[in-house]
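Please read the following briefing beside the sequence and the model.

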Amino acid sequence: VRGDMWNRTLLLLISLALTVYSSSFVTRQGNKLFLNGTHFRYAGANMYWLGLDENVGGINYPTNFRVDDAFATAIEMGATAVRGHTLGISTGNPKSYETSLNHFQEVAIDYIDYAVWRAGVYGIKLVIPLTDNYHYYHGGKHDFTDWRGLSESEFYVNNNVISDFKPVSYTHLRAHETGRNLV
């Protein structure tokens, strides 16, 4: 009984420590990264599929098991950070967060939210790009210019395209403030 109580107390303390660690943001000072005032060096994997997976016999949302197993494996390998491409880039696909211009589906955010939450549980920091230059299944800046019939070079300068992109970026930033697990 005494040993069992000690084990439970130790697990609780470890859990609390991971919660503090995982809820803090990595910051930059000059050319160095810091976490809770301590120099932060990261190692990790590219788990681009965490929000929308192309490795499941088509394009679909990853299962909770797949997400959990990937994070558990990353921890075993010593990872402290993971790049989750489709946690931020999710446009232009029927399963994306923004399927077409101003048409959103919350179910996609639920899967993204799960992966972000689990990363926090595992104490893994996430690198989440919001768009990119590629034409892959998960979307990219081309979706926003294509929807307007414009060249990709207009992404950063066209006021309509910039306005179209704001709801996607705002959703990711707002989610942290409103209690969702997205960063």
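Predicted model: local features only at pLDDT ≥ 70, side-chain atom pairs only at ≥ 80, totals over all residues.

Residues are numbered from 1 along each chain as its sequence is written, and side-chain values use heavy atoms, with hydrogens and water left out. The largest nonpolar core has 23 residues, and its largest share, seven residues, comes from H4.

**Helix H2**

- Helices (H or I, at least four residues) and strands (E, at least two) are DSSP runs numbered from the N terminus, and the expected span of a helix is 1.5 Å times one less than its number of residues.
- The 13 residues of H2 should span 18 Å at 1.5 Å a residue, which agrees with the 18 Å between its end C-alpha atoms.
- The buried residues of H2 are Val67, Asp68, Ala70, Phe71 and Ala74, where buried means under 20% relative accessible area, exposed over 50%, and partly exposed in between (1.4 Å probe, protein chains only).
- Seen down the helix axis, these buried residues of H2 fall within an arc of 160°, so they line one face; the arc is that of the directions from the helix axis to the C-beta atoms.
- An α-helix has 3.6 residues a turn, so residues three or four places apart point the same way.
- Phe65 and Glu76 are exposed residues carried by the face of H2 that is turned away from its buried side.
- The cover over the buried residues of H2 includes strand S5 (81-83), H4 and strand S8 (125-127), with contact taken as heavy atoms within 4.5 Å.
- Asp68, which lies in helix H2, counts as buried at 18% relative accessibility.
- Leaving out residues up to four places away in sequence, Asp68 touches Tyr114, Arg118 and Tyr122.
- Asp68 and Ala115 are 47 residues apart in sequence, and their C-alpha atoms are 8.1 Å apart in space.

**Helix H4**

- Helix H4 (residues 106-122) has 17 residues, and the 24 Å from its first C-alpha to its last is close to the 24 Å expected at 1.5 Å a residue.
- Its buried residues include the nonpolar Ala108, Ile109, Ile112 and Val116, and Asp113 and Arg118 are also among the buried residues of H4.

**Nonpolar cores**

- A nonpolar core is a set of buried Ala, Val, Leu, Ile, Met, Phe, Trp, Tyr and Cys residues joined through side-chain atoms within 4.5 Å.
- In the largest core, the residues with the most contacts inside it are Met47, Leu50 and Phe71, and the elements that give two or more residues to this core are helix H2 (64-76) and H4.
- Leu50, leaving aside its neighbours within four places in sequence, is in contact with residues that include Pro62, Val67, Phe71, Tyr111 and Ala115.
- Another core, of five residues, lies apart from the largest one and has Phe144, Phe155, Phe165 and Val168 among its members.

**Aromatic rings**

- A search of the whole structure finds ten aromatic pairs; rings of Phe, Tyr and Trp (its six-membered ring) pair if their centres lie within 6.5 Å, and planes under 30 degrees apart count as stacked, over 60 as edge-to-face and the rest as tilted.
- Tyr134 and Tyr136 are stacked, because their ring centres are 5.3 Å apart and their planes are at 15°, and Tyr134 counts as partly exposed at 45% relative accessibility.
- Phe155 and Tyr156 form an edge-to-face pair, with 4.8 Å centre to centre and 90° between the planes.
- Within this pair, Phe155 is buried, with a relative accessible area of 5%, whereas Tyr156 is exposed, with a relative accessible area of 57%.
- Ring pairs link Phe144, Trp147, Phe155, Tyr156 and Phe165 into a cluster.
- Arg66 lies over the face of Trp49, at 3.8 Å from the ring centre, and Arg118 lies over the face of Trp117, at 4.9 Å from the ring centre; a charge sits over a ring if NZ of Lys or CZ of Arg is within 6 Å of the ring centre and within 35 degrees of the ring normal.

**Positive phi values**

- Asn36 has a positive phi near 55° and lies in the loop between strand S2 (32-35) and strand S3 (38-39).
- Asn102, with a positive phi near 65°, is found in the loop between strand S6 (98-100) and strand S7 (103-104).
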